[in-house]
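Biologist: I am new to this structure. Can you walk me through it, one question at a time?

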Amino acid sequence: MSKPSDAKPGTDERRFISGVVEGFYGRPWTMEQRTELFKREQKWGLNTYLYAPKDDYKHRMYWRDLYSAEEAEQLIALISAAKQHNVEFIYAISPGLDVTFSNPKEVAALKRKLDQVKGFGCSSFSLLFDDIETEMCPADKQAFGSFAHAQVDITNAVYQHLGQPHTFLFCPTDYCAAFCTPNVSQSSYLHTVGEKLLPGIDILWTGPKVVSHRISVESIEEVSSVLKRAPVIWDNIHANDYDPQRLFLGPFKDRPTKLIPKLRGVLTNPNCEFYPNFVAIHTLATWCKATAAEGEARDVEMDDEEYDPCYSPQEALTLALTDWLQEFMSTHQPGGLKKDCSEEEPMQTDVGDSSYVPGPGENPLYTAEPLSLEDLRLLSDLFYLPYQHGLTARTMLHELDWLKNHSLAATTKTDQSAEWCSRAQQFDNTCEAVVQMFNRLSNAPNRSILYDLYNYICDIKSGVGLARAYVKTLGGQAQPSAQLMNNDPEPWGFRGGLSGEFQRMLPCHGNRDLFRHPPMTAVYCIRPYCPADKVEVQRIFRDMQRAAVGKVPPMTQPSLICDSLSAGDMAPSPQCAHVLEDEMGVCGFALALTDAKPAAAKIQRAVSDSVLEDFPSLVTIQVLPRVTDPSPAKRMIGLLLSSIKSSGSRGVFCELRQSDRRMIDFYTKLGSFKPIKMAGLPQDTIAMGTRL
Ligand code: GDL
């Protein structure tokens, strides 16, 4: 057995693997784009590129076929470009569609192919078994105890054949917790892989799901103990190959930096379009560097699970967008304008006749303001992350919803209120900002980025345009145009193609909006709160605080008496706490203290005896916006109030931030809660109470 090929004793033998996996379905990147990627990786401190384009013929479907002389030349150049930029090139192959594991000829074919690539100068390899049929053929069933045994056998053989490369990655078929039967810790597939795969082979893992919303330290500890090694995360957070209308320009997030020492590495499998991946890769690089700040920051014990002292997604995004803005201005790319554009110059730089000066009475040259950082922020907000829209997008959806529900058609009033008009105007301004962003993007000198973004920005411009026109008709400012009313609309009047049509025929459009989930099909469970719920309750509390106040950091908000309950600093009274669950987990809570005094004392708030006489108990309730049905929250508060009453209490009160319109609405609609006067209430907060 030969020694690991490129281990450099005392150097970076086990350096953290960080970089990009080109592992999506669809058109692979070009050699030119990949070389550009290596440059960027080097500049930003990332060290690895995993070559795994699903629809590259010879990576997967025709994995046995050797490369032609011409292809070989290209791969040799690519591998050497990676070396030049200090990026480790890992060549991956996916034989799982049709390999017969037990046939020695198949094993030989695999070795032959990888030997050829080794001959191109590549010294790191990977075998991928994701997205394949799990049923073995009869010959393999006879030869192997299980699918895991078959995969491990061929992987170990190839790894040894190649001389135990320094980096060798294996992608299991069960590559995320959701795929494990019955779960990670009891998966016999993963246990076999963990026990039998040679220790020098690292294992790829996408987290709890294929596209993981969050990846927790606990989940990685669990899988590492089964795999007997720290995994390399194959992160699909920015992958968009599953939906042609989506693109992800938000920051790498919801992976605590505490994960870094628990992982062997992270590779992001980003958007299919090469150029828009600037943010995905740049923010991953910032995240990977977060260990540098480790020492003192790690000592800070933060209660907020989501707060990461070493990494701020918003700051990382700003850094990325600031650099990206420069990139938009660059003309050094295929199809870019030949001439640098300064701010004063017209953007339409027709190289052939740039000296044209319009005469008197003629059209002035078309001019456009240069793209700004704010434009890019807006763009990122509109195309944010798979489980979250950016702030502006959320605000627009929220405002449209409000405008719709509070328009004349929805109320009995005869005139749109001043508030309605001002919010409609604000909505219109944001729509206009989207249009302006589109115009400035279309004029950016870097055409390569623009062309990758074009379909997406056109689509959002149309979507926003429709919403804008609708709000105008609600406000009575515009008559629906002949085009809108027409029975023979233009094709853009029926968007989304056949797939869109199928979606619209399914209940609730067959999907779950990030903004609003279908309420009717959800089943809710209300159960007593237990100490293990503390973390989820804290998360909901923080999420809702952020959503209510936008960008204001939670610590700068005034303290409310009930905060210590929601934040888990004080335990609720026995039998006076419930949580609400739906199929995705805990989605709400209702907590109470039969005696509010200790909670008030904790934040040094003097509540008058007369208030406490009438309302001695304290309640707090929160429900995530995905619960659009108000009845579960009503039931929860009903249960809570009856427990408080049976403890002998005469009344309850709650405190609310003015910004928390949803909860104020909720209590108001209950009818029994009325605003109460309370001395010493912080600014912008109100108190409501009810007798029992
Ligand atoms: C997957 C595929 C990946 C694809 C991604 C997102 C892995 C290991 N495999 O399951 O090729 O791009 O989903 O659609 O993630």
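Biologist: Which residues are buried in helix α22?

Modeller: This is a predicted model. Helix α22 spans residues 661-670. Buried here means under 20% relative accessible area. The residues in α22 that are buried are Met663, Ile664, Phe666 and Tyr667.

Biologist: Which elements do the buried residues of α22 pack against?

Modeller: One partner is a helix, α21 (631-646). The others are strands: β12 (617-623), β13 (651-657) and β15 (685-691).

Biologist: Which residue follows α22?

Modeller: Its phi is positive, near 90 degrees. The residue is Gly671.

Biologist: Now the ligand. Which residues come nearest to the ligand?

Modeller: There are 14 residues around the ligand. By class, this shell has six nonpolar, four polar and four charged residues. Those that come nearest are Gly23, Asp130, Tyr175, Asn236 and Asp241.

Biologist: How many Å separate a polar side-chain atom of Tyr175 from an oxygen atom of the ligand?

Modeller: Asn236 also has a polar side-chain atom by a ligand oxygen, at 2.8 Å. For Asp241, a side-chain N or O atom is 2.6 Å from an oxygen of the ligand. For Tyr175, the distance is 2.4 Å.

Biologist: What share of the ligand's accessible area does the protein cover?

Modeller: On its own, the ligand has 360 Å² of accessible area. The protein covers 94%.

Technical notes. Residues numbered from 1 in each chain as written. Predicted model: local features only at pLDDT ≥ 70, side-chain atom pairs only at ≥ 80, totals over all residues. Heavy atoms only, no water. Buried < 20%, exposed > 50% of the residue type's maximum accessible area, 1.4 Å probe, protein only. Helix = DSSP H or I, 4+ residues; strand = E, 2+ residues; numbered from the N terminus. Contact = heavy atoms within 4.5 Å. Near = heavy atom within 4 Å. Polar contact = N/O pair within 3.5 Å; in protein donor to acceptor, adjacent residues only side chain to side chain. Areas by Shrake-Rupley, 256 points an atom, 1.4 Å probe, with all protein chains shown as cover. Nonpolar A, V, L, I, M, F, W, Y, C, P; charged D, E, K, R; others polar.
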